[in-house]
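The entries are meant for a reader who has not seen it before.

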Amino acid sequence: MLEQKGIPYKRVDLLPVISKVALKAMRFPGVTVPALKFDGERIQGSRHIARALDSIRPDPPLFPSDPKQRAKVEEAEAWGDQFQHRVRQPIWWALKRDRSPLRSYSEGARLGIPIGLAVRTAAPIVALSARFNEATDEHVRSSLAALPADLDRVDGWIAEGVLGGKRLNAADLQIAPTLRLAMTMEDLRPHIENRPAGELARRAVPDFPGRTPPVLPAEWLGGFRS
Ligand SMILES: N[C@@H](CCC(=O)N[C@@H](CS)C(=O)NCC(=O)O)C(=O)O
């Protein structure tokens, strides 16, 4: 969003779990990222950030000016906020079993400590993140079962022009990173990359670190076959 607005910024990455404490120490009201300091103001949450940036620098806008179109983009944006959970769960589930892909996810991260050290000491962070994100077998199974319909929904919004327009809007920028994260799982990438949702993900986030080799039980991916 900042890049689209042409606003220069400095990015800081926080380790999961520790981020909650760090954000409190930085006097943010909540415990989630993204969180932004702008001119001394603290703006937290992707939806708040989109609206704040549109008022700070209206051009180019992150929302359409037509109220009906805007309502559709806001609906997709709000849905995207829930959708991310479906993808975070399988990722944490996989990392809980095998932490070796972690290094690939940390490529380019600005954590303030050496990546190798962060990865070597990540076991409790992975365990807690899996717990906070409720990455149980049951939840991962039902997230994966819902994913084909989620992708159809995104493709439908693209066909309708709600997503994937000439200029990326707040909903594109909310949903695409989640799709891109899903595409880091070798189990999921082939089901996403060649459809409109996958093209949107690559367009919005050309570079996205991380790769998880196949790990999900084949029967959990059965929904993609039909
Ligand atoms: N799109 C959401 C993302 C918020 C969110 O759930 N952030 C996660 C990371 S993607 C978080 O900070 N979780 C706390 C943690 O992992 O400790 C927003 O409204 O900002």
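The entries below take up aromatic pairs, salt bridges, a helix, a loop residue and a pocket in turn.

**Entry 1. The model**

I noted at the outset that this is a predicted model.

**Entry 2. Aromatic pairs**

I searched for aromatic pairs, and the structure holds 3 of them. I took Trp79 and Trp157 to begin with: their ring centres are 5.3 Å apart and their planes stand at 70 degrees, over the 60 degrees required, so I recorded the pair as edge-to-face. The two residues belong to distant parts of the chain, with Trp79 in helix α4 and Trp157 in helix α8, 78 residues apart. I then checked Trp79 for accessibility and found 14% relative accessibility, which counts as buried.

I turned next to Trp93 and Trp220. The centres of their rings are separated by 5.1 Å and their planes by 55 degrees, so this pair is tilted. Trp93 is part of helix α4 and Trp220 is part of the segment after α11, so the pair ties together parts that are 127 residues apart in sequence.

**Entry 3. Salt bridges**

I searched the whole structure for salt bridges and found 15. One of them joins the side chains of Glu160 and Lys72, at 3.1 Å from N to O. Glu160 is in helix α8 and Lys72 in helix α4 (residues 67-97), so this bridge ties together parts that are 88 residues apart in sequence. Glu160 has 46% relative accessibility and counts as partly exposed. Lys72, with a relative accessible area of 33%, is likewise partly exposed.

I then followed the bridges of Glu186. Arg189 forms a salt bridge with Glu186, and their closest N and O atoms are 3.1 Å apart. I noted Arg189 as partly exposed, with a relative accessible area of 25%. The side chain of Glu186 also meets that of Arg211 in a salt bridge of 3.3 Å, N to O. Glu186 lies in the loop between α9 (170-182) and α10 (189-192), and Arg211 in the segment after α11 (196-204), so the pair ties together parts that are 25 residues apart in sequence. Arg211 is partly exposed, at 44% relative accessibility. Tracing shared partners, I found one network of salt bridges that joins Glu186, Arg189, Glu193, Arg202 and Arg211.

**Entry 4. Helix α3**

I asked which residues of helix α3 (residues 46-56) are buried. They are Ser46, Ile49, Ala50, Ala52, Leu53 and Asp54. I next looked up what covers these buried residues, and the elements include α1 (2-5), β1 (35-38), β2 (41-44), α4 and α9.

**Entry 5. Ser106**

I located Ser106 in the loop between α5 (102-105) and α6 (115-120). Its relative accessibility is 13%, and Ser106 therefore counts as buried. Leaving aside neighbours within four places in sequence, I found Ser106 in contact with Ile115 and Val119.

**Entry 6. The second largest pocket**

How much space lies in the second largest pocket? I recorded about 160 Å³. I then read off the lining, which consists of Pro61, Leu62, Phe63, Pro64, Gly161, Val162, Gly165, Lys166, Arg167, Leu168, Asn169 and Asp172. Sorted by class, this lining has 6 nonpolar, 3 polar and 3 charged residues.

Key. Residues are numbered from 1 along each chain as its sequence is written. This is a predicted model: local features need pLDDT of at least 70, side-chain atom pairs count only at pLDDT 80 or more; totals for chains, interfaces and linings use all residues. Side-chain values use heavy atoms; hydrogens and water are left out. On a 1 Å grid over the protein atoms alone, a cavity is a set of points where a 1.4 Å probe fits but cannot get out, and a pocket is an open set with protein on both sides within 12 Å along at least five of seven lines; lining residues have an atom within 4 Å of a point. Grid points are joined across faces, edges and corners, and a volume is the space filled by probe spheres set on the points. Ala, Val, Leu, Ile, Met, Phe, Trp, Tyr, Cys and Pro count as nonpolar, Asp, Glu, Lys and Arg as charged, and the others, Gly among them, as polar. A salt bridge is a side-chain nitrogen of Lys or Arg within 4 Å of a carboxyl oxygen of Asp or Glu. Helices (H or I, at least four residues) and strands (E, at least two) are DSSP runs, numbered from the N terminus. Buried means under 20% relative accessible area, exposed over 50%, partly exposed in between (1.4 Å probe, protein chains only). Rings of Phe, Tyr and Trp (its six-membered ring) pair if their centres lie within 6.5 Å; planes under 30 degrees apart count as stacked, over 60 as edge-to-face and the rest as tilted. Contact means heavy atoms within 4.5 Å.
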